[in-house]
Amino acid sequence: MQSISNGITVGKPAPEQEIIILGTGPAGLAAAVYAARAERKPLVLAGPEPGGQVALTYTIENYPGFPDGIQGADLYALLQKQAERFGAIVEYSSASSVDLKSTPFRITSESGEFRTRALIVATGASPRLLNIPGEIEFRGKGVSYCATCDGAFFRGKQVMVVGGGDSALEEGLFLTRFASQVTIVHRRNELRAGRILRDRAEQNPKIRFLLETVVEEIRGPDSVKSVAARNVSSGKTDILPADGVFVFIGHDPNTALFRGILDMDEKGYVRVDDRMRTSVPGVFAAGEAADPTFRQVATSAGMGVAAAISAERWLAEQH
Ligand code: NAP
């Protein structure tokens, strides 16, 4: 786990850390910038999806300071570079278990066991599933949760986008670069998305809306060819042709590792106070793992900064 040359640790984590950060989304990396600048040499475990949802987003138009928008992958790369510049170490592994009963806390990952005096949980959130027949079977064969990753496979094809929030519309608009038609399927007759995206989607000639409709089955045989869609007011089910189904129906926090260990709300968001403190002293949480309300890139980064400042103060008080 460690490479030591003449007694000097080179670019590798020490066995006992002052601060470990779980996650490399905007919350984790913003925390890493601050913790590194406080000379705590944070170790950041990248998790199963390095960069989190940001890295999978094509363009982010509402992150302050980028008037022309910034590509998600570029923002991730810049945040990581900034954190590393001040001494953060990013390790490409995921925590598989945690023991927070006493300090130093113990974090087990594929690359071994780490001990740390303070922990920042920034494990983010993952796309919610529809849980309907065909969804798992055709994942990667027409079913996708990431337009940036998979959109180009649908050049000249018809795709369905499930969801009525900002993500569904934003990703649906992105898919119009490739697809011949994008059908946004929403379960209610009113979209949840904000005005700007709604206007843009409504004005796009490739987008059509199928409201008050739920997708009940995704059908093949070998890859997605159609969906069974039911109109919730008439109760009528139609089989509609589709080459792809993109699902954007929200996210669930990645906090299973902390169930029964940290206080959480009924949806699994870690409860934090105004200083990002969790129910365990020395453990802080930031970003979408702890934010059922705002879930924006900028708010996640802000929570990460707050968590790092609190962790720094907590460490200072322990002496
Ligand atoms: P969201 O706002 O929670 O919307 C989820 C959508 O999926 C809702 O329309 C919901 O329907 C629908 N849905 C949920 N479960 C469903 C199910 N089982 N079957 C069918 N439909 C289902 O999630 P989001 O769009 O991912 O956005 C999350 C947050 O990120 C929001 O705060 C959003 O503003 C923000 N965001 C902002 C931007 C931007 O500003 N450019 C872009 C993307 C995301 P109901 O409406 O009926 O509940």
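How many residues of domain 1 are in contact with how many residues of domain 2? I'll take that one first, keeping in mind that this is a predicted model. The chain is divided into domain 1, residues 2–126 + 251–317, and domain 2, residues 129–247. On the domain 1 side, 4 residues are in contact with 6 residues of domain 2. The C-alpha centres of the two domains lie 33 Å apart.

Now the area. The size of an interface is often given as the accessible area lost when the parts come together. Here, domain 1 and domain 2 bury about 520 Å² between them, and 52% of that is on carbon and sulfur atoms. In domain 1, the residues that lose the most area to domain 2 are Leu 56, Tyr 58 and Glu 61, together 78% of what that side buries.

Next, the ligand. There are 19 residues around the ligand, and Asp 166, Ser 167, Glu 170, Arg 188 and Arg 192 come nearest. By class, the shell has 9 polar, 6 charged and 4 nonpolar residues. Domain 1 and domain 2 each supply at least three residues to the shell. Among the contributors, helix H5, residues 166–175, gives the most, with 3 residues.

Some polar distances. For Gly 164, a backbone N or O atom lies 3.1 Å from an oxygen atom of the ligand. At Gly 165, a polar backbone atom is 3.4 Å from a ligand oxygen atom. Glu 170 has a side-chain N or O atom 2.9 Å from a nitrogen atom of the ligand. On its own, the ligand has 910 Å² of accessible area, and the protein covers 77% of that.

Terms used
Residues numbered from 1 in each chain as written. Predicted model: local features only at pLDDT ≥ 70, side-chain atom pairs only at ≥ 80, totals over all residues. Heavy atoms only, no water. Near = heavy atom within 4 Å. Polar contact = N/O pair within 3.5 Å; in protein donor to acceptor, adjacent residues only side chain to side chain. Areas by Shrake-Rupley, 256 points an atom, 1.4 Å probe, with all protein chains shown as cover. Helix = DSSP H or I, 4+ residues; strand = E, 2+ residues; numbered from the N terminus. Nonpolar A, V, L, I, M, F, W, Y, C, P; charged D, E, K, R; others polar. Domains from an automatic or database assignment. Contact = heavy atoms within 4.5 Å. Buried area = accessible area lost by both parts, 1.4 Å probe.
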